[in-house]
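Work through the exercises below with the sequence and the model open beside you, and try each task before reading its solution.

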Amino acid sequence: KMLNCSTQYEMPNAGFSFDNSRRNAVLEEGLSEKGYSAPKARKTGTTIAGIIFKDGVILGADTRATDDMVVADKNCMKIHYIAPNIYCCGAGVAADAEITTQMMSSNIELHSLSTGRPPLVVTVTRQLKQMLFRYQGHIGCSVIVGGVDVNGPQLYSVFPHGSYDKLPFLTMGSGAAAAISVFEDRYKANMELEEAKQLVRDAIAAGIFCDLGSGSNVDLCVITEKGAEYLRAYDEPAKKGQRGGKYTYKPGTTPVLAKTVTPLTLDIVEESVQAMDTQ
Amino acid sequence: LTTIMAVEFDDGVVIGADSRTTTGAYIANRVTDKLTPIHDRIFCCRSGSAADTQAVADAVSYQLGFHSIELDEPPLVQTAANLFKQMCYRYREELMAGIIVAGWDKRRGGQVYTVPMGGMLVRQPVSVGGSGSSYIYGFIDSNYRSGMSKEECLRFTAEALALAMERDGSSGGVARLAAITEAGLERTVILGNQLPTFFSA
């Protein structure tokens, strides 16, 4: 006779599970009484930016991922692929931004196969904002969507609560204020490619230098009608300096004038053996 | 958060809004368009949470578009206003949305309906909303006259918006105006330095 299992395998429900929220709240309360804090979700503490130039869109991002005040990843990729003609910079909670953009990419590919047309940037924006609004801001994902489609080059920002803005230049993340000042000063409509790349590089560099949550290298992604060009580590403004010399000196650098040796008489007071567990 | 306004006149309505969206003290978008088309001759002015009002406006646009196709007629402004009211009242605890619905239809001409936070619906010849509206109630009450022409309404709206944007920290940028009549839609933008000026200390 076969013994039946007492528990049946349950198919996991699709989507996010908030089952542990109440438990986490109780745990956090208990921990804080004792002086500990619960582990925080890793935020990317970022500078991301995008502009529309003559032939298309340029997206830029720094590459630092922070865990509170420690740099968790010195060279992470914040510009995510959505479609061959659409890319997405993500700021906010690292996991949320990563998973959400991957979900969007899957859905957009299916949608594009279903319609038989290359995907539109507005479609990505609409699906993103409808999902984020449904979760009322609990998915901490701030995103800049940029791409070129039949309607031309377009740039949208989407906030965690589900609002969106369509603008010719955009910045987001903790370094947004530093980067937007560069754009407000030097942005012009219909810039040439090299000038535009330099402008985005400068805006991200402003975030890298003036914001603690941003650092390391500048990644760029240039999207035109012809396609997308991902320039990983386009610039490394904050390179670690080269060591100029060493502070160790050769024996004999300092001349010895005199030498006296005084032996110390020591008695053993206590002797104990601690075995190491080498299993 | 905003200043929005709508005025009825004989042949239609004039609507206006500022262009500032803030997250805390940072201006996320200084050229926002808060006058959102719901249908060919019906617009809504959005104030409150950007995410909430964008989501509600999208939902109502869809419902109204569907209804209009079923009817095979342009929809009534009152219908649009009621759709907004139903959504804003049902979800009143979850939403932060103050909306003014304005447009033209064949039955009643130009109409302005206000749906403030909480989900009330009332038709008014002139209506203001948003955080900046508090500063211009006096101006509106003393300067509004019924039977103004389109140009007079546009001037009235521009002056009211300018006054509110001057005093309210959460309003600013450019002033966006639109005039909706049977013939169609005319949108204008008044840049910051071209706004009407008043006494300032």
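**Exercise 1.** Which side chains meet in a salt bridge at 3.4 Å, N to O?

*Solution.* This is a predicted model, in which local features need pLDDT of at least 70 and side-chain atom pairs count only at pLDDT 80 or more, while totals for chains, interfaces and linings use all residues. Residues are numbered from 1 along each chain as its sequence is written, chains are lettered from A in the order in which they are written, and side-chain values use heavy atoms, without hydrogens and water. A salt bridge is a side-chain nitrogen of Lys or Arg within 4 Å of a carboxyl oxygen of Asp or Glu, and the pair asked for is Arg126(A) and Asp58(B). The count of salt bridges between chain A and chain B is three.

**Exercise 2.** Describe the contact between chain A and chain B.

*Solution.* Begin with contact, meaning heavy atoms within 4.5 Å: 16 residues of chain A are in contact with 15 residues of chain B. Next take the buried area (accessible area, 1.4 Å probe, lost when two parts are put together, summed over both), which is about 1,100 Å², with 52% given by carbon and sulfur atoms. On the side of chain A, Phe133(A), Asp165(A) and Leu167(A) lose the most area to chain B, together 36% of what that side buries.

**Exercise 3.** How many residues has helix α1 of chain B, and how far does it reach?

*Solution.* Helices are DSSP runs (H or I, at least four residues), numbered from the N terminus. Helix α1(B), residues 50–71, has 22 residues and reaches 31 Å from its first C-alpha to its last. After α1(B) comes Asp72(B), with a positive phi near 60°.

Technical notes:
Helices (H or I, at least four residues) and strands (E, at least two) are DSSP runs, numbered from the N terminus. The expected span of a helix is 1.5 Å times one less than its number of residues.
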